[in-house]
Amino acid sequence: LPTVSDLDQLVEPPDVVIVTAPAPAVPGILSAAGAKGTAVAVVISSGLGHGVGSLGEQAHTAAREHGLR
């Protein structure tokens, strides 16, 4: 499986992305993955938090905007 530091390095959209990044980067990565056409993301990151205004909520919103699961 290829490992890239930026989704723009991929020609084709991946079926699945596995995100292992610091919490503040996760919402942007999910948004980029969804915009590229990725269907599924697995997030392995701590510190996303819960509730209104949290990085977890931002990540969830970014994923849902593109139908990312």
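This is a predicted model: local features need pLDDT of at least 70, side-chain atom pairs count only at pLDDT 80 or more; totals for chains, interfaces and linings use all residues.
Residues are numbered from 1 along each chain as its sequence is written, and side-chain values use heavy atoms, with hydrogens and water left out.

**Exercise 1. Describe the setting of Ser-54: where does Ser-54 lie, and which backbone atoms does its side chain meet?**

Step 1: Start with the location. Ser-54 sits in the loop that runs between strand S2 (40-43) and helix H2 (55-65); helices (H or I, at least four residues) and strands (E, at least two) are DSSP runs, numbered from the N terminus.

Step 2: With a relative accessible area of 12%, Ser-54 is buried (buried means under 20%, exposed over 50%, partly exposed in between, using a 1.4 Å probe and protein chains only).

Step 3: Look at the side chain. A polar atom there lies 2.8 Å from the backbone oxygen of Gly-51, and the side chain of Ser-54 also reaches the backbone nitrogen of Glu-57 at 3.0 Å. A polar contact is a pair of N or O atoms within 3.5 Å; within protein, one must be able to donate a hydrogen and the other to accept it, and residues adjacent in sequence count only if both atoms are side-chain atoms.

Step 4: Not counting residues up to four places away in sequence, Ser-54 touches Leu-48 and Gly-49, where contact means heavy atoms within 4.5 Å.

**Exercise 2. Work out how Thr-38 is placed: is Thr-38 buried or exposed?**

Step 1: Find Thr-38 in the loop between H1 and S2.

Step 2: Read its accessibility. Thr-38 has 3% relative accessibility, so it counts as buried.

Step 3: Follow the side chain, which reaches the backbone oxygen of Pro-14 at 3.3 Å.

Step 4: List contacts beyond four places in sequence. Among them are Pro-13, Pro-14, Val-17, Ala-33 and Leu-68.

**Exercise 3. Examine the largest nonpolar core: which residues touch the most other members?**

Step 1: This core has 15 residues, and Val-17, Val-19, Val-26, Leu-30 and Leu-68 touch the most other members. A nonpolar core is a set of buried Ala, Val, Leu, Ile, Met, Phe, Trp, Tyr and Cys residues joined through side-chain atoms within 4.5 Å.

Step 2: S1, H1 and H2 each supply at least two residues of this core.

Step 3: Not counting residues up to four places away in sequence, Val-26 touches Val-19, Ala-21, Val-43, Ser-45, Leu-48 and Ala-59.
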